[in-house]
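Colleague: I would like to learn how to read a model like this one, feature by feature. Could you take me through it?

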Amino acid sequence: MMGKNRSTGSITVFLSLSLVIILALIGTMVEVTRGKVCRMQARRVLKLASESLMTEYSRPLFENYSLYFLEDEGKPLARSISEYAAGTLSPDVLFPDSMDVYSGTLRHVEVEEKRYAGDDGGTALQEQIVSYMKRRISADKVKTFLGKSGEMEPFSERAEEMEQKAKQEKEAVGECRNVLELMRLIDGVDCTGGRVKGQKYFVKKLFAGEKKPGQFGISEAVVWKAVKNNVSEVFDHLDRLQEESAKREFAKIVWQVGEKTKEALQIVTEMGSGLKKMNVSGDAGGVLASNLHILEKTSEYLGQNVTDQGISELKQMWKSYNTSGIVFDYAGINEKGGAESPMSVFSDAISGGLAKLVLKKEFQVSKKSVKEPDHYHSLYGKNRTRVKEEVNGVKAFAEDEEVDFQGAAKGIASMAVSDVMSCEYMKRFFSSVRSQIKEGTRLDYEWEYILCGKGSDKKNLESVIDRLVLLRSVINTAALLSSSEKRETAHTAALAVVGFTGMEPLIRFTQTMFLVLWGMTESLVEVAALLQGKKIPIVKTAKDIAVNFPELYRIGNAYIMEKADHLPKKGGRSFGYEEYVLLLMAGTGRDVRCYRMMDLMEWNIRDKEVANFHFGQCIDRFQVTGQFSYAAKFFRMPVIQKMINRQWNDLQQGITVHAGYVSE
């Protein structure tokens, strides 16, 4: 009986152990399966909680600009996500009597990799704009705009060519102008104003000897006539030095002549061998240095008491003063060769600002302004597009004869689809000088601000007009240069203005300046028409130029308004004011445009709805990492944990999800 009981007991233990092993295996399989399901649930819970948080997007941004951004202020995002996840993870809160084998705990939430509106050059804003406009603008409209703007591509190269041509001619004419300046400083002859005029003080003003042209190295009657009454015999002054008034007068003349001599010597030194190329005879540097020494010694004598011996020494010294050692080539100079230059008329016309020229007199320019323009570009712009310090191109042309066309045509030919989308978005949500002004906006001319970034509507409008004039000047000047008839007209005018100098480089440069001026005046008329709502053809030929050369002397608001009123209406391959401004936008970096749009949106929302709104604190994308804990349900039998020598009370799940308003 005892042996039989032992055998039965062995089988019972074996079966018990087998049952435990089977239960452990089943529990392990169920727990592993449950763990995978819990991981899937955790991901869904975290994703749902993150997306629930994103429903708290800024209402003012959405209602005013159709943008989805989450304000990262106030309650921490991690806390909000935890609260959204709590109900899903603990269903017993909602259904106390139910049992859920998948209930768990969210122990920790961390929100990372937030993408703010201004990060990476405003990429978040650009992506949302493109996503929004894809649903509201047809592909055909984009292709049409790109097709028209593509016609500007050849003018980018032409702009560079014309700019280089003007620069080279200006460099060549620089020596001519140096010689003209030397004529004024040394011979006392001013040939720059279109007429030969004598000067009061110059190097050859004082002389010792006979008063005749040869004594001064002058062979042209016109030149001698202009200067002969301004020269004075030095001995006449020296003989009267005992008189205090005569001494003061002579000291003044000596000082003035000395200053002119110093200026001339500096130019001669800079020109070097270039003097001979310009047909300037004699050792100009040596003569000027010698004369300057005499002038300085004379000043020393005049600073002392005048004595007979001193006067005698001065007379002896002045016999060496050279007035014939420097000879200029005045061949071709005529007394009445210089007509009035239209450049001076143009310079006077723009002195009051371009807006006064191209806007109707009754138009009232907005007086709105902001204290911190270009705020977000200044904040984020350290490693982004640098905005070149803007120079008034039209003013630089009028005052310094600088031709800067490349900046006006920059980037237009390389417009991308995203650029067009961004521009079309601006048409929907921002106002311009030509569109209906919205109430409650910080600035009225918002397009103009996005393009120029200045602190007032007036300054932005002036800058846009300047850029439009330069852009159209590229096209108009190219048309004029392609016409032999127009070039000949400009050459004839150049001869009439500077031909009397006989300097061919100066004549060629003046011809080029007149052609650019002609094209620029045509552009002023076109911009005036654009601001009146008319459309202007993208490309023009010489026969389409409305301004005649003689009319360059009539530049003014009344003339421009008259010409603009009579411009014919154009369709087809033409653009209006808004389209031309959008073309100019292509030359502004995407990041700059986005930052300036952020400025406008923030200002307007602050003024109308939320006083402390900060667009820079808004995000559109982030990464969430959550640490979940799920209590073990099928693996907590003490006998099983003892067998495997492991206490397994819960499952730990680390989950990472991404959330964003625009899909990657």
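Colleague: Which residues of helix H16 are buried?

Modeller: Buried means under 20% relative accessible area, exposed over 50%, and partly exposed in between, with a 1.4 Å probe and protein chains only. Helices are DSSP runs of H or I with at least four residues, strands are runs of E with at least two, and both are numbered from the N terminus. In H16, residues 393–400, the buried ones are Gly393, Val394, Ala396, Phe397 and Ala398. Keep in mind that this is a predicted model, where local features need pLDDT of at least 70, side-chain atom pairs count only at pLDDT 80 or more, and totals for chains, interfaces and linings use all residues. Residues are numbered from 1 along each chain as its sequence is written, and side-chain values use heavy atoms, leaving out hydrogens and water.

Colleague: What covers the buried residues of H16?

Modeller: Here we look at contacts, meaning heavy atoms within 4.5 Å. The cover includes helices H13 (342–350), H14 (354–358), H20 (457–481) and H22. After H16 comes glutamate 401, with a positive phi near 55 degrees.

Colleague: H22 has come up. Which core does helix H22 give the most to?

Modeller: First the general idea: in soluble globular proteins, nonpolar side chains tend to be buried together. A nonpolar core is a set of buried Ala, Val, Leu, Ile, Met, Phe, Trp, Tyr and Cys residues joined through side-chain atoms within 4.5 Å. In this model the largest one has 166 residues, and Tyr425, Phe430 and Phe615 have the most contacts inside it. Helix H22 (residues 504–531) gives the most to this core, 17 residues. A second, separate core has 25 residues, among them Val45, Leu70, Ile619 and Val657.

Colleague: What does phenylalanine 615 touch?

Modeller: Leaving out residues up to four places away in sequence, phenylalanine 615 touches Leu61, Leu67, Phe69, Ala117, Leu125, Tyr376, Met598, Met601 and Glu602.

Colleague: And tryptophan 603: why does it count as buried?

Modeller: Tryptophan 603 counts as buried because its relative accessibility is 7%. Its place is in helix H25, residues 590–608. Beyond neighbours within four places in sequence, tryptophan 603 contacts Val370, Glu372, Pro373, Arg442, Leu443 and Tyr449.

Colleague: How many salt bridges does the structure hold?

Modeller: Side chains of opposite charge can pair when their charged atoms come close. The cut-off for a salt bridge is a side-chain nitrogen of Lys or Arg within 4 Å of a carboxyl oxygen of Asp or Glu. The structure holds 29 of them. One joins aspartate 620 and arginine 115, at 2.9 Å from N to O. This pair links strand E9 (residues 618–631) with strand E2 (residues 105–116), across 505 residues. Both aspartate 620 and arginine 115 are buried. Arg115 and Asp620 also belong to a salt-bridge network with Glu127 and Arg621.

Colleague: Are the partners glutamate 562 and arginine 554 buried or partly exposed?

Modeller: Their closest N and O atoms are 3.5 Å apart. Glutamate 562 is partly exposed, because its relative accessible area is 38%. Arginine 554 is partly exposed too, at 43%. By contrast, aspartate 187 forms a salt bridge with lysine 204 at 2.7 Å, where aspartate 187 is buried at 1% and lysine 204 is buried at 3%.
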